[in-house]
Amino acid sequence: MEYHLTIPVNSGEIKKLKIGDIVYVTGKIFTARDEAHHIMLGKDKNALPFDPSEMALYHCGPLIKKTNGEWQVISAGPTTSSRMEIFEDKFMEKYGVNIIIGKGGMGERTEKALQKHSAVYTAYTGGAGALAADKVKEVPAVYWLDELGMPEAVWIFKVKEFGPLVVSMDSHGKSMYKEIRK
């Protein structure tokens, strides 16, 4: 099935998604790699300058430039998600994120957390960073840029029809990665 979702997405919509479904999202997404996960988990939920629960999480280290005072995304391809496996279950618990976008899949801890928190992991095609950048309509904010640098900073993107995303781990305990390993 193909779905066009507007973020934030409620748990009822998430539970409809099954592995193999194609998803396009419109709304706000935020980027977070290893260091951003570490920083955010060390902060009080109410101390963050944005609400992750109202956005999708994108494992991405974008290439961005500032032109005439505005951020312009040049490339925003996914980064390997397995590096975030040590954080993701705690991250979902603390921040209520229910859509994760990345590449390469995640492990058993994340799989269990997806079920517990009615969330999905979606895969975006690696090497398609320019295509992803084209779906970013605005960059309203960036956090921890000075401390972490461009790829590790948290970028907030307003996106339109971001995808195609393939649901590769769903909220029902199904995982394309486990199926492939079998």
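Helices (H or I, at least four residues) and strands (E, at least two) are DSSP runs, numbered from the N terminus.

**Entry 1: ground rules.** I noted that this is a predicted model, in which local features need pLDDT of at least 70 and side-chain atom pairs count only at pLDDT 80 or more, while totals for chains, interfaces and linings use all residues. Residues are numbered from 1 along each chain as its sequence is written, and side-chain values use heavy atoms, with hydrogens and water left out.

**Entry 2: the whole chain.** I found seven helices and nine strands in the protein chain. The radius of gyration of the protein chain is 15 Å, close to the 16 Å that the globule rule gives for 182 residues, so the chain is as compact as a globular protein of that length. That radius is taken over C-alpha atoms, and the globule rule is 2.2 Å times the number of residues to the power 0.38. The C-alpha atoms fill a box of roughly 50 × 35 × 30 Å along the principal axes.

I then looked up burial: 50% of the 182 residues count as buried. Buried means under 20% relative accessible area, exposed over 50%, and partly exposed in between (1.4 Å probe, protein chains only).

**Entry 3: S81.** Is S81 buried or exposed? S81 is buried, with a relative accessible area of 0%. Leaving out residues up to four places away in sequence, I listed what S81 touches: H59, G102, K103, G105, M106 and Y121. Contact here means heavy atoms within 4.5 Å.

Entry 4: Two strands pair if DSSP finds at least two bridges between them. I101 has T122 of strand 7 as its bridge partner, and G102 stands opposite A123. Strand 3 also runs parallel to strand 6, with two bridges; L57 is partnered there with I100.

In a regular strand the side chains alternate between the two faces of the sheet. In strand 6, I99 and I101 point one way and I100 and G102 the other, and all are buried. In strand 7 (residues 120-123), V120 and T122 are on one side and Y121 and A123 on the other, and all are buried.

**Entry 5: helix 2.** I checked helix 2 (residues 34-41), where D34, A36, H37 and M40 are buried. What do the buried residues of helix 2 pack against? Their partners are strand 2 (22-31), strand 3 (56-58), helix 3, helix 6 (145-148) and strand 9 (154-169).
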